[in-house]
Amino acid sequence: MDLTYSEEQQLIGQQAREFFERECPLERVRKAWSDRAGLEPAVWKRMAELGWLGALIPERFGGQGLGHTDLSRIVEEMGRGLLPGGYLGTLAAARALTLAAPEALQREVLPSVARGERRLALARSGEGGRFDRLGGRFYADEQDDGYLLFGEKLAVLGLAEADQVVVAAVLGLPKRIAEGLQLFLLDADAPGVEITPLATLESGWQQASLRLTGARVPRDRHLDAAAGNSPDVQSPALAPVEALLDLALAFDALGGAQRVMEMTVEYAGLRTAFGHPIGTYQAVKHKCADMLFAVENLRAAATWAAWVLDVPPEQSGADPALALAMTRATAIESYDLVIRHGTQVHGAIAVTEEHDLQLFAKRAKTLALSFGSLAHYQERILAANGFAPDGR
Amino acid sequence: MDLTYSEEQQLIGQQAREFFERECPLERVRKAWSDRAGLEPAVWKRMAELGWLGALIPERFGGQGLGHTDLSRIVEEMGRGLLPGGYLGTLAAARALTLAAPEALQREVLPSVARGERRLALARSGEGGRFDRLGGRFYADEQDDGYLLFGEKLAVLGLAEADQVVVAAVLGLPKRIAEGLQLFLLDADAPGVEITPLATLESGWQQASLRLTGARVPRDRHLDAAAGNSPDVQSPALAPVEALLDLALAFDALGGAQRVMEMTVEYAGLRTAFGHPIGTYQAVKHKCADMLFAVENLRAAATWAAWVLDVPPEQSGADPALALAMTRATAIESYDLVIRHGTQVHGAIAVTEEHDLQLFAKRAKTLALSFGSLAHYQERILAANGFAPDGR
Amino acid sequence: MDFNLSPEQQAYREQVRAWVRENLPRAPKPPRRRPEPPEKVRDRYSTWQRMRADAKLACVMWPEAYGGAGLGPVEHYIVSEEIDTLGVAPTINVVGFGICLPTVLHAGSEAQKRTYLPPAVRGEHVWCQLFSEPGSGSDLASLKTRAEPDGDGWRLSGQKIWTSFAHHADYGLCLARSDPRGEKHKGLSMFIVNMKDPGVTVRPIRFSNGEHDFNEVFLDNVHVPGDHVVGAVHQGWQVAMATLMLERGTSNIHVLFRPWIQRCVTAIRDVLGGEAALPGQGEYRARLARMLTRVRLMELQGLRVLNGAASGGPPGPESSLVKLLWSETNQELAALTLEVLGPVGALLGGDEAVPEDGFFPRNWLRSFGNTLEAGSSEILRNILAERILGLPKDAGRAIAAAPQPPAR
Amino acid sequence: MDFNLSPEQQAYREQVRAWVRENLPRAPKPPRRRPEPPEKVRDRYSTWQRMRADAKLACVMWPEAYGGAGLGPVEHYIVSEEIDTLGVAPTINVVGFGICLPTVLHAGSEAQKRTYLPPAVRGEHVWCQLFSEPGSGSDLASLKTRAEPDGDGWRLSGQKIWTSFAHHADYGLCLARSDPRGEKHKGLSMFIVNMKDPGVTVRPIRFSNGEHDFNEVFLDNVHVPGDHVVGAVHQGWQVAMATLMLERGTSNIHVLFRPWIQRCVTAIRDVLGGEAALPGQGEYRARLARMLTRVRLMELQGLRVLNGAASGGPPGPESSLVKLLWSETNQELAALTLEVLGPVGALLGGDEAVPEDGFFPRNWLRSFGNTLEAGSSEILRNILAERILGLPKDAGRAIAAAPQPPAR
């Protein structure tokens, strides 16, 4: 047992914090939000040079071949710095390609991703357990020379800046849900691909809606071609990619929540009322304690979940789906509590545009709403504990 | 608009408080609980003399013909004093007789109830929206000369000491639920009536289980005979009796919660820690404020609900079912909060048998569990606000 | 026990409703474009307020001599319900009518009353409240703005914050330290400041949702004539407290929340009433039932306040309860609505699926302020525990009743 | 990052399991009748403890010289998981092993260690902790029990409360004021009191659910020999604190809650898995999912504490987090279970439908104590805020680390 980060992992975290503080401080985040511009290309390029865009990509394709715990050190700092842009979209889609795509396609796509020259997004049918347009609903109609893709999804992270998008679609049957999702790689500017940027609460993530009206995909861009084209075969990449995204979102929450807590504790020690620092009053003090409770619980869950993904299931003894569901549920509730208490302790100043706290509030709410609800993760927790679905 | 009690109502409340403090202080309540004896017969008799056993019974049958608000002044004090015994059972069953029974049966039963010579209980099929044995499940099989009653209910308030019991049963169809309940009066010692006293968390209420295995009821004890014996006809007495019980349970909670709050506030002002009364610490102080919030909200809801029952619907402009559902939901949540905060402020002493607070904790929990759950009332609130049932 | 209005009061309500039916069509129209330019906002406000004043449906509790209707709190409540909830015109003088002008009414000189009250009723002047300061929020009595004698008047210097609608205001009611030797709530005076005077600078503070109600106000050697002091010199704290006590029973703020609450409830019903099962809908239903109950409790506690005010007694604990109820209920309901909406709740626009042009996320952002403005939840709980339950004050602190900035 | 035990530690676990498999059948049998007479309780305890001691599976972290096994915190944790959770024998010496005897081990003289530790390991002696007093709970340092010099020893007089298992105890570890001039935590000394000595009276305190763990202990001029002082005279507070710090990392109390938590989860699953739809089941499911997550967090924070203890560092915030997690989770889960059970949850017996002989309502009553014992939730939040986050102390209060009575 060793619940500490390796020296290397500590260094990654430290480097990431310094990098984001220097290259993208909150003033730049604000500018990216108001311009809806995402991350500056120069910063993206430097992240590529640091190897972060290829963090999980195998070394033979120009990546770093790191593990989830290594990666988490970077993503936590992105959450702390509210890094704008579609990093998570590129991360998830590249992971899908790494896990499922034919060698040739990986060779074509991944090195340029790692070099920062190609941005990706991932659009899933059924994200967060919703099989409507909000959760995504895509299907692939087989043709002689490939597939035609149809369907839509309201909000896809990073899509507004993506060059290509990996779509998880049902094979053949528009009404079908849940099982048999397979992956396809589409060019963002291909015919039949409609991308509409959205005005969002958190304006950094480059979210856009995706509408596919018969977008053509040749067979060599069907990632799961080798797995067979039966509608019952689920892409083996899907579960690990979903787990990766859940993990990344949880670490983003951890970094943000930790920072809001620090801001709040500092303020509570300085601001006085009735002759004493407000931190001397238990109404404030216990809110701070509850923030610590929330943050440390999230840290405990998230570091555990990263480890679960890094080792084989027989070694962790844990169901990755349960570990990630608990971690995401904790992330949603912890970040929410930290934002509410942090705002209440700061007072009215925290509700103004000029205060940084509200930026974190917007990111936290988007994390809670856009990628699977608390209820979705709770149902997964119950399912993993032997409960039948709440169907009655 | 006048949201104050009349002078008479104030007097009733004052008289009731003094009476219960004198005639049944908490030491006697404790004894009644440990002996499982209910209220002392002498006290019951004196309550009859004060007119409280016939509070809602028409004057021509020896009652007082009071309204719900008048009655609430007594019941609130019963809750404050944790009065043991089956008062509420007698109250509800007598109300059912008053509203539904043929004149002759009323004349036979009600005067002796008002004189304190006859105790009643009420057993409903489907209490709290549950149509299993926990909520009650009775049906009446028609015969030439009357009905045979079958079915069972786990816990009936006051049944252990009742002479007679009013049973709400489905006509004819053992599988039928919800609609078409009609009322029957049974002697507690009749053949086919099985009454088993229960060991309960709150040991004063004389709860017992009722099992009917073909108990015979002559036609003149079928309260709703005039309404017809179709299984689609619901006894008109049922909704108002249910409302009366909900109201009484809410006022019982109000009286108890108010007293626990007073005990706690007094303790918080006296007990010191680290050189100050614990009431100076916001962790304690704000718990007390939340108790006040809970109690005053319950008072607002309960007094309104009593008024809603006292005036015609077109005058109150309110749906009695909604008013009572909101009141009971508030009663359950408020009493629960007061108990939890009261215990936490008192510290370990409140968890001991010798402390009075735990008596209130037991009564509060029984109020929350035994007569319709919080969820049941919440569903009724939604239904009254135009929501379809949560069936999916 | 009677929760109904008297027949006369019900007749008054019908009268108000009849006026609304007739005059609503003639009311100024809402803006086509947002944000609406300030002069348009002011125009709409003045036009509608003038219509109300002409019909004696503005400031109905004020004496007729000052432009009111000489009626009681129940009629005031009826007018709030029937007119204020319509959302016809911007509420840019809500603080003026709620705090500033009642202070003039209760503590001002006859000349001040005749000068300031009638034009305000007619919508000609807008007022703002210059109380809170950057370092003095809940602990208002620690304020630092100085008033120094200057000839027959005073010179005011300092910084105020959280000043609602200062960018529209003609006058500000300013609490400042007139006696530098006075500590805390001693040595303060209440001044009427002309917001157009030299030395007054207004800087906007935007909410996190982009709306602009609040401002910072900088006072730099602003000259205030001697007859602009309200009440006695150095008695500003007492003036503020007395007004606050009197007005607490008639704020009716919770009534203004009804439309917002209804929008949320409707949006939730639309989603939960849909065909598809939503993960978590059981919990959402339970929470909504709790909120619906809270809304009812808010109305009932509001009636208890009204009943107290109508019978002339001192305000009881109910006004603090009403504040806790509307603030916490609106905040929780705003958050619940987003959860029920799901992914679409995080969107402000760009897609036809976004309901009501992004109202719900903006409403959620704004609702954070509810538990801070007009008395923070923490201060209110202290008040309930200390004033109503009689618990001792916090160790090392002397609590003072802080006049609070009002809510939207 | 590695959440797994080392191969050696896993091998140790297998060894412990093998011993359990072999010896559990020979363990003393649970009582047929309840309440079990005290001497039977003691018998069962001693027999099982002796079996463990013979197998070197008791107090494994203590040096072999004093009856332990000289192993580390991880092995101690493994033994807790594999043996303590079995519920074989009553835990009447849990306070002795958790606080009293570690104090002797860390601060006692060599003679004291040799005298008291080995027989306790073998189950021959039971200890209790005489710290809390009626007027001194969270604020332990205000305790009033006096120790007056008496020849070569001391005379103790005072009243102690919340003394778990005093009715079984042979010895008590007593914190008393040896220097009457000392204020608060100065001038206290730590004494070993023979509970059978004249002047010691034990009065039971029953829980609201009828169980009896706690007692009041009256000390009336109890003579204590001079060599029964643990650590230096007047240094009792420091002795208590040092022990507490050392032991905080290895209490493993949360592990003991696993069986209770499992019973509740199973009961809930039984009801919610039934055929009929239950009103509110959606909300119950959400709350249960939250509780299941909390249980996992409790285990993870427990591992973080263990990891800290194993690496020899000073205990971090995790032990307070573990306390908050087990106490609040167990309490909420106990209440949720009753709600899910519905009407049958209010019954203690008298009907075959009552599950597990009324365990669940009794468990609910007992759970009220969880957020009070072993550090109240309020004290723990102060500790987290002040010691970890560095917030200032409460106005007018100097917080002191109070050694707390342990949980069941």
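In the predicted model, strands β6 (residues 200-206) and β7 (residues 212-224) of chain D run antiparallel and are joined by seven bridges.

C:Trp127 is bridged to C:Tyr171 of β4(C). Strand β1(C) is covered on both faces. C:Trp127 and C:Gln129 lie on one side, C:Cys128 and C:Leu130 on the other, and all are buried.

The domain assignment divides chain C into domain 1 (7-90), domain 2 (129-234) and domain 3 (249-396). The C-alpha centres of domain 1 and domain 2 of chain C are separated by 29 Å.

For chain A, the assignment gives domain 1 (7-114), domain 2 (120-227) and domain 3 (238-384). The C-alpha centres of domain 1 and domain 3 of chain A lie 21 Å apart. Contact between these two domains involves 19 residues of domain 1 of chain A and 23 residues of domain 3 of chain A. On the domain 1 side, two or more residues each come from α2 (26-35), α4 (68-81) and α5 (87-100) of chain A. Helix α4(A) gives the most, with nine residues. By class, this side of domain 1 has ten nonpolar, five polar and four charged residues.

Helix α12 (residues 374-384) of chain A has nine of its eleven residues buried, so it is largely enclosed by the rest of the structure. The buried residues are A:Leu374, A:Ala375, A:His376, A:Tyr377, A:Gln378, A:Glu379, A:Arg380, A:Ile381 and A:Leu382. Their cover includes elements of chain A, namely α10 (320-346) and α11 (357-369). It also includes α9 (281-310) of chain C and α9 (281-310) of chain D. After α12(A) comes A:Gly386, with a positive phi near 85°.

Helix α12 (residues 374-384) of chain B was considered through its packing on α9(C). Two packed helices are described by the angle between their axes and the distance between the axes. The axes of α12(B) and α9(C) come within 9 Å and cross at roughly 70°. On the chain B side, the contact is made by B:Ala375, B:Gln378, B:Ile381 and B:Leu382. Helix α9(C) contributes C:Arg285, C:Ala286, C:Leu288, C:Ala289, C:Leu292 and C:Thr293. By class, the contact of α12(B) with α9(C) has seven nonpolar, two polar and one charged residues.

Chains A and D also meet, and their contact takes 40 residues from chain A and 40 residues from chain D. On the chain A side, at least two residues each come from α7 (238-270), β10 (276-277), α8 (282-310), α10 and α12. The largest share, 14 residues, is supplied by α8(A). The side of chain A that touches chain D divides into 21 nonpolar, 14 polar and five charged residues.

Two individual residues were also examined. A:Tyr281 lies in the loop between β10 and α8 of chain A. A:Tyr281 counts as buried because it has 29 C-beta neighbours inside 10 Å, against a threshold of 20 or more. Leaving aside its neighbours within four places in sequence, A:Tyr281 is in contact with B:Gln282 and C:Asp394. A:Tyr281 and A:Ala268 are 13 residues apart in sequence, with a C-alpha to C-alpha distance of 9.4 Å.

D:Ser6 lies in the segment before α1 (7-23) of chain D. With 12 other C-beta atoms within 10 Å, D:Ser6 is exposed, the limit for that class being 12 or fewer. D:Ser6 and D:Asn194 are 188 residues apart in sequence and 43 Å apart in space, C-alpha to C-alpha.

Key: Residues are numbered from 1 along each chain as its sequence is written. Chains are lettered from A and ligands numbered from 1 in the order in which they are written. This is a predicted model: local features need pLDDT of at least 70, side-chain atom pairs count only at pLDDT 80 or more; totals for chains, interfaces and linings use all residues. Helices (H or I, at least four residues) and strands (E, at least two) are DSSP runs, numbered from the N terminus. Two residues are in contact if their C-beta atoms, placed from the backbone, lie within 7 Å. Domain bounds come from an automatic or database domain assignment. Axes are lines fitted to C-alpha atoms, for helices over the stretch in contact, and angles run from 0 to 180 degrees between N-to-C directions. Ala, Val, Leu, Ile, Met, Phe, Trp, Tyr, Cys and Pro count as nonpolar, Asp, Glu, Lys and Arg as charged, and the others, Gly among them, as polar. Two strands pair if DSSP finds at least two bridges between them.
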